[in-house]
Amino acid sequence: MASSAPAELQTAMRDRSVAGRLGPAALRLLVILIYAFLLGPILIIVVTSFDPTTAGAFPPRGFSLHWYGEFLRSDNFTSAFEFSLYLGVCASICATLIGFVTAYAIVRFLGQKREIGQSLALLPAIVPQILTSISLLLALTFVPFPAFAALLAGHVIICLPFTIAGITASLDGVDAQLEAAALTLGASRLRVLWEVVVPLAAPGILSALIFAFIVSFGDVYIALFLSGPGMTTLPVEIFSYVNWESTPVVAAITSLQVLLILVLGLTVERLVGLRKIMRF
Amino acid sequence: MQETGRGFGAALLTPITLFYLVFLIAPISFFLVMSVFKYDAFLLYKPVLTGENFTRLLFDSYYRAIVGQTLKVAALTTLFSLLLGYPLAYVLTRTQSAWRGVLLFLVIAPLMTGIIVRTYGWIVLLGAQGLVNGTLVASGIIDRPLKILGTETAVVVALVHILMPYMVFPLFSGLAAQDPNLERAASTLGAGRARIFFEITLPLSRSGIVMGSVLVFTLAAGAVVTPALLGGKNVQMLGQTIYDLVLHTLNWPLASAVALVLVFLQLSIIFVYLRSSRRGVVRAR
C-alpha cells in the first residue's frame, strides 16, 4: 500500500525526514516490510484455509473449500461460533448502555473533575486481563451467581474503556445549548437524553456498540478462565484445539472471523473513525 | 437546575461505579489478599496468615527462572516493537499521502482480529512446512527445517507482531502533536536532518515512547496464550504459571502470589519509565 503513493510520500520525506539523506527509498522499503510483517500472518491464514491438504503447507497445493465444509460439520466449532456471537451481542449492548450514561456524565457533569473521571473509567484497560478473569472465577466459587453472568461481566468490563472513550469523543461534538434549550422548554432530563442527545451522538454510539462486539468476539483471556460446558467461546475453542493438533480447519474459521471483523471495523471507520475509540 | 443536574450526573455514574466495584475491584482485591493465605487442598485456601507463598517464589530457582524469562521476553518485545513502531509512526505522521487513512486502518485492523488469530498465523508461518522454513530450505540455506516453533524466538516475534500497534498509537499521537515549525526553524538555522531528528524530533517524542513501552511491556509480561502455543515447554512465563496454578495445580494462594509478582513488575516498570521521562523533561529545560 505504501508504494501506491510514491510521489507524495517522497516529497514529504525529502522535506523533513532524517531518512531523506539515506534516500526516501530506504525508509519506504522499511515501512513496506513492516506492513508485510503486520499483515503477513493474517494473509497467510486466509491462503492456507483454501489448501486441500492437512498439512497447512505454504504455498498451498491446490484450491478447495474442504476446510470450510469441515468447519460447518464440526459441532464444537459451530456452537462455539454461535456462542461467541451471542456473548458478543449481549456484552456490547451492556457495555454501550453503561458506557453511554457514563460518558454523558463525564462530559456534562464532572466539570473540573473530568480528567479523573475519564482515567477511572479506563481502569480495566490497565489491569492485566488475566487478573480480572481469575478474580471473577474466584468470586464465582463464593457467590453463587450464574457462570454466564461472570463471563458476561468480564466481557462488559473489557469493552467499557472503548465504549466510554468512543462515546465521550462523539458527545464532545454535541452542542450543550441544544440540551439547555430542550430543558428550558420543559423536557425532562431523561427525555432530553433520549430525544436530543442519543440521536445527535448516534454514530458514536453505534460505533461503540460495534467495537465492543469486536473486542468481545476476539477476547481470549477473560473467556479462558470463565468458559464452561456449553459456553465455550470461539477463541477458547481454537486455543484448546491448537494445543493438541493443527489442521487448516482453524485457518478456515479464523479467515471467517477476519472477514467479519474487517467488515465491522470498516463500518466503525466510516462512522466515526477508529482512532477516536482507540484514543490516539 | 444546577442542583438537580448534579444529582442526575451522580445517578448516571452509579451503574459504572457499582459495576467496577462488584466485578473488578472487589474480586481482584480478594484474589490478591489470598497470597498471604495458606494453601489447602480441599478448601482452596485456609485463612491463616503465612509468608510461605512468597518465600517459595523468592527462593525456588524454578520460579526465579520464570520471572527472569518473563522479564527477558517482555523487554525484547518492547525493544523490537519500538524499533519497528517508531519508523512506522514517523512515516504515518509525516506522509501527505491520500492513503494515510488506509495505512492507519491497516495498523489497527490486525489488533481487532484478536490474539488467537494472529498467534495461529505464526504457527502456520513458522511450522516445519511453513513459509519461513519452506523458503529457507528451497533456497538451499538450510537442509532440514529449523525448529522455530517452541522457542523463545517464536514467542518474541509473535508478541512483537501482536503488540506493536500499542506502541504505534502513542508514538503517532506524540509525533503528530509536534509543531512542525520547530523542525523548520532548526533546518533554517542550518541543522542537518540527522541532528534535527536526534535533537528535536526524538526528544519531543519521549512521552510517546514511554507510554508505548509501558503498554507493550505490561501486555507482554502478562501474556498467556501466545507463549503457551508458540513457546511450548521451552518458554515459561508468569501468565502461564498463573494459568496452570489456577486451573491444573489448583493452588490458588500461590497463583495469587505469582499474580502479585506480575503486578509488582508492571508497576515498577511504569514507575521507572515515569521517572526517566520526568528527568528527561527537566534536563531538556
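The model is predicted: local features need pLDDT of at least 70, side-chain atom pairs count only at pLDDT 80 or more, and totals for chains, interfaces and linings use all residues. Residues are numbered from 1 along each chain as its sequence is written, chains are lettered from A and ligands numbered from 1 in the order in which they are written, and side-chain values use heavy atoms, with hydrogens and water left out.

**Chain A**

Chain A has 16 helices and zero strands; helices (H or I, at least four residues) and strands (E, at least two) are DSSP runs, numbered from the N terminus. Of its 280 residues, 56% count as buried, where buried means under 20% relative accessible area, exposed over 50%, and partly exposed in between (1.4 Å probe, protein chains only). A contact is defined as heavy atoms within 4.5 Å. Among contacts in chain A between residues at least 6 apart in sequence, 70% join residues at least 24 apart.

I158(A) is located in helix α9 of chain A and, at 5% relative accessibility, is buried. Leaving aside residues up to four places away in sequence, I158(A) touches Q129(A), V215(A), D219(A) and I222(A). From I158(A) to L123(A), 35 residues apart in sequence, the C-alpha to C-alpha distance is 9.5 Å.

**Interface of chains B and A**

In the interface, 84 residues of chain B are in contact with 97 residues of chain A. The area buried between the two chains is about 8,200 Å², of which carbon and sulfur atoms give 82%; buried area is the accessible area (1.4 Å probe) that two parts lose on being put together, summed over both. In chain B, the residues that lose the most area to chain A are M112(B), Y120(B) and R193(B), together 9% of what that side buries.

Seven residue pairs are in polar contact across the interface of chain B and chain A (both at pLDDT 80 or more). A polar contact is a pair of N or O atoms within 3.5 Å; within protein, one must be able to donate a hydrogen and the other to accept it, and residues adjacent in sequence count only if both atoms are side-chain atoms. The largest share of the side of chain B that touches chain A comes from α1(B), with 18 residues. By class, that side of chain B has 64 nonpolar, 16 polar and four charged residues; Ala, Val, Leu, Ile, Met, Phe, Trp, Tyr, Cys and Pro count as nonpolar, Asp, Glu, Lys and Arg as charged, and the others, Gly among them, as polar. The count of salt bridges between chain B and chain A is zero.

**Salt bridges**

Over all chains, the structure has eight salt bridges, each being a side-chain nitrogen of Lys or Arg within 4 Å of a carboxyl oxygen of Asp or Glu. Among them are the following.

| Pair | Closest N to O distance |
|---|---|
| R114(A) and D172(A) | 3.0 Å |
| R195(B) and E199(B) | 3.3 Å |

R114(A) lies in helix α6 (residues 114-121) of chain A and D172(A) in the loop between α9 and α10 (176-184) of chain A, so this pair ties together parts 58 residues apart in sequence. D172(A) is partly exposed, at 44% relative accessible area.

E152(B), in helix α7 (residues 152-177) of chain B, and K72(B), in helix α3 (residues 61-94) of chain B, are 80 residues apart and link distant parts of the chain. E152(B) is buried at 19% relative accessibility, whereas K72(B) is partly exposed at 45%.

R195(B) and E199(B) both lie in helix α9 (residues 193-204) of chain B, four residues apart, about one turn of the helix. E199(B) is exposed, with a relative accessible area of 53%.

**Aromatic pairs**

The structure holds 22 aromatic pairs over all chains. Rings of Phe, Tyr and Trp (its six-membered ring) pair if their centres lie within 6.5 Å; planes under 30 degrees apart count as stacked, over 60 as edge-to-face and the rest as tilted. The rings of Y86(A) and F148(A) are stacked because their planes are at 25°, with centres 5.7 Å apart. Y86(A) in helix α5 (residues 75-109) and F148(A) in helix α9 (residues 147-171) of chain A are 62 residues apart.

**A buried serine**

S256(B) lies in helix α13 (residues 252-284) of chain B and is buried at 0% relative accessibility. A polar atom of its side chain lies 2.6 Å from the backbone oxygen of F31(B), and the side chain of S256(B) reaches the backbone oxygen of L32(B) at 3.2 Å.
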